[in-house]
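Please walk through the structure shown here, beginning with a single side chain and its surroundings and then widening the view to helices, a sheet and the confidence of the model.

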Amino acid sequence: MEPFGGEEPGNLYTWVDVDERLGALAEAGEWPGWLFQADAWWDGLELTASPETDEGAVRGWLDTVFGAGSVAGDPGEPHLMLDRPQGLTPESLPISLIFQEAPSPHRRELRLLERHVDAGLGRFLPRPIADVCAGGVQLFAFHSFKGGSGRTVHAVGLADELARRGRRVLLVDGDLEAPGITWMHQAQGGVSDIGYEDFLALLHGSPGDDVSHAVAVAERYLTSQEVLRHQNGGSVTILPAGRRSRLGPPRIEPTHLATADRSPYFLTDSLAQLAEAAGLDAVIIDLRAGASELSAPVLLDPRVQRVFVTTLSSQSLEGTERMLRQLGNKAPAMAGEDPVPAVVITQYRTDAHSAKAESARAQLAAQIEGFTARPAMGDDAPDTAEVDARVLTAPLLSRFREELLALPRTWDDVIEVVRRCGVGELVGALVPEVVAQPDAVEPLGVGIEERRTGLMERARSLVFAEKTGLDSGLGFLSTEPLRRLAGDHRTSLPITVVVGAKGAGKTFTYARMCAAGRWAEFAGGAGEPVGVDAPVVPVLDPGNMDQYGTETSRGPQDLRDGSAGGEGARPDDIHRLLNDALHGDACEDGDHWRQVWLRCMAVAADGPGVMDDDPEAVLLERGRRSPVLFVFDGLEDFFQDIDSDAKRVALRTLFTEVPDWLRMLRGRPLGAVIFVRRDLVRAAVRQNLGQFLDRYEPYALHWDAQEALRLALWVAVTSHAVPSPTDELTTLSWERIAQELTPVWGAKLGRDNSREAWSERWVPAALADYNEQVQARDVVRFLRDAAERSRRDGDWPDRLLVPSALRAALVACSKEKLQELGQENPSLGELLRSVGGFADEVVMPFDAEDVGLDANGISVLEEAGALQRDVDGRYRLPEIYRHALGFRTRGRARVVRS
């Protein structure tokens, strides 16, 4: 039989075991409807049940949850048997049944172990009446399951970092049994006119919820305990644990403040009021380590930013996970309203702990995700909780520094070490800076609706940029791979294979090369002037590209005509050569294919008239006359299915033997840039694939999160939706890019003071696969849809793209991506669609067998970044695929229905 409460009942020695077991069942929501309350005492067990309850049902349920044979005694005199060693007299607890209508639930207190066991334990604690603390004061609480984890030093680091940003911080030493901040403050000779213990005593004596007197007294004394002030007005004021040097438990504990005439959140409300009265805007509390009731009233307030600090030791990790699970069952963070709990993993060594750290991050992130609850959404609302949780819950890694193991004695010395080790900058990521923006910016004298329309049209023109890429009006964003390509070939023409997924910008880059017409002009556009030049001659074109350019730029056919000095080779001429070779007798011979590709290049450069000439001789003569840069694209159009050895040999020869032949030419007068999709390379190059990809990796077209944001900013700037940055766009740091994008989509997916995800983190995470790669086409498509959906939205005058439009655009972008994938990579698209066929019955994360995946299918999807295994062995799909496949989610955030 499946045990209730997720675990075996265990031994029952005393009433304490009975009480804990019944409490665990209540928290798990596994009480029967007839049971209202349970009170276990040293001499008996009282069960309050509905009047119609039958004693047989009571006996049956107790036998189920405590183990068969647990209940003995005659009818009307049931007893719960306790476990005793053989040979000792059996003992039991008499069971008293109290029948009545549902009683009023007990008042719940902010405790880890609640005093009363009733059915209400299965529900979350009641939320605070106010969603924010007094005066908008922000509360942070640092907690660790084990001592010595670096909790205090990271709390101090955050206080210093916030002060550096201009915040005024109250730093509270809430470790009443083993204070740390207090000792370093007093060793500095700092004034301790009032301590946390004093404040608790003042609050304890306050009448009901009226804390005005306690706050007034404490605020006056606090003024002399400021220990740090920056020129920008930021400061740190310390509230030590106590004024005295004695050791021992506190006389007044936080739980002593819980009385019937006070809010359960009396303590945190009072700390916020104290900070407000003192002119401070943030409170950081360094709590007692372990599962202590000294920390519970703070940790169980969902408005508090709860920061859990742990090392990689198994005890620390497991204890932190259990603490997160226990707190999340009582007081989860409500998505969009409360700060999501954070985890800092300390004492991390990059040389020894990488694998363990990543495993720990995944485990802890899963626990934090389970810590989050969200309101039920309407059927029409896009479900983006998966990406929201992933952005908000990634644990931080704090690198090992010997200086942090043995802190100096005084406050000033500790601050110096904290700054030298960069602790404040690390934990400052928990509270990213918001760059102030005017309520409604109207740059360039254009209204917000016109700018939204301009952004939409600009992005729309770039979605399939290869079709219009010859128009110089589209502009050109220089990315790191292109800067490397140009920078590495200043004195010789490139001979390289440029690998990239569909949508990474291969054809757009090919089109820009054609539009430039010459290597030097293209390289200069990429920001890397070169000392060698040659005309660009296209050999193979993508099927969806216009062959002729415009008055201001050249098309592939224009370039071939110009190179031939008249009518050049047409695409059909090149295709005919390739088709004849694919169906000829030597179709699987590499030397034959090298001649075929060289013939294609010779014909592209000198025209159809050299079709029957020796291609090597033609190319050598052409190289002696003038250098040439050959470019290839559209291989996936011609070799749509790699379903024969002939096609594999043809592609492998182009990727390996043709470049080798070109490199052997003295002076390297001929260059070649071959644009190809990564899956074609994998299909063609069976041996030494890793070595091949590594050789050309610097020029591979891929977009990480920062480059994706840079692309989004470039689209916005070139659409004249936002002003151009004062610095060169290609050199902007992540922080500067995020600042420049704030007018585009706001600092957060909500108001700046909301608890929503930061926009510059959310967008790349939403569009990325599990290889952390973003496709350029997905970025511009996402901007196009979001801009279109944001038009005529007057509720967000501070940004172009509104939160609801961003979420809806993700869903639309996912559907288009999957549709394209079926055309571009049929085998991968078919595999994903087969998985999606189970979406109506299966919820993500899922087991492989639930969606018909075998080991090969798992490997293919994982390699493509389309599948990831959780720490519990189940699998997830990235958001960019999940929405199109229709999978619902579970486990990221629990749903609370109104």
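In this predicted model, Arg452 is in contact, once its neighbours within four places in sequence are left aside, with Ala787, Ser790, Arg791, Arg792, Asp793, Trp796, Arg799, Leu800 and Val802. Arg452 itself lies in helix H14, which spans residues 448-463. Its relative accessibility is 0%, and because buried means under 20%, Arg452 counts as buried. Two polar partners can be named for this side chain: the side chain of Glu449, joined to that of Arg452 by a polar contact of 3.0 Å, and the backbone oxygen of Trp796, which lies 3.4 Å from a polar atom of the Arg452 side chain.

Burial can also be followed along a whole helix. In helix H32 (residues 826-836), the buried residues are Leu828, Gly829, Leu831, Leu832, Val835 and Gly836. They are on the same side of H32, because the arc they cover around the axis is only 160 degrees. An α-helix has 3.6 residues a turn, so residues three or four places apart point the same way. Among the elements that cover the buried residues of H32 are helix H31 (803-824), helix H33 (855-863) and helix H34 (879-885).

Elsewhere in the chain, an open sheet is formed by eight strands in the order E9-E10-E8-E11-E7-E12-E14-E16, with mixed pairing. Strand E9 (226-229) and strand E16 (396-399) are its edges, each pairing on one side only, and from one strand to the next the twist averages 20 degrees. Within this order, strand E7 (residues 138-143) and strand E12 (residues 305-310) pair in the parallel sense over four bridges, and Phe140 has Gln305 in E12 as its bridge partner. Helices lie across the sheet as well: helix H3 (residues 151-164) lies across strands including E7, E11 and E16, running at about 170 degrees to E11, while helix H10 (residues 354-370) lies across E12, E14 and E16 and runs at about 165 degrees to E14.

How far can such detail be trusted? The protein chain averages a pLDDT of 87, and 93% of the residues score at least 70. Among its elements, the mean pLDDT is highest for strand E19 (residues 628-632), at 97, and lowest for strand E23 (residues 894-896), at 46. Where pLDDT is low, the predicted coordinates should not be read in detail. The pLDDT stays under 50 over residues 1-6, for which the model has 12 contacts beyond four places in sequence, and likewise stays under 50 over residues 468-474, for which it has 30 such contacts.

Note on methods
Residues are numbered from 1 along each chain as its sequence is written. This is a predicted model: local features need pLDDT of at least 70, side-chain atom pairs count only at pLDDT 80 or more; totals for chains, interfaces and linings use all residues. Side-chain values use heavy atoms; hydrogens and water are left out. Two strands pair if DSSP finds at least two bridges between them. Helices (H or I, at least four residues) and strands (E, at least two) are DSSP runs, numbered from the N terminus. Axes are lines fitted to C-alpha atoms, for helices over the stretch in contact, and angles run from 0 to 180 degrees between N-to-C directions. Contact means heavy atoms within 4.5 Å. Buried means under 20% relative accessible area, exposed over 50%, partly exposed in between (1.4 Å probe, protein chains only). The arc is that of the directions from the helix axis to the C-beta atoms. A polar contact is a pair of N or O atoms within 3.5 Å; within protein, one must be able to donate a hydrogen and the other to accept it, and residues adjacent in sequence count only if both atoms are side-chain atoms. pLDDT is the predictor's confidence in each residue, from 0 to 100.
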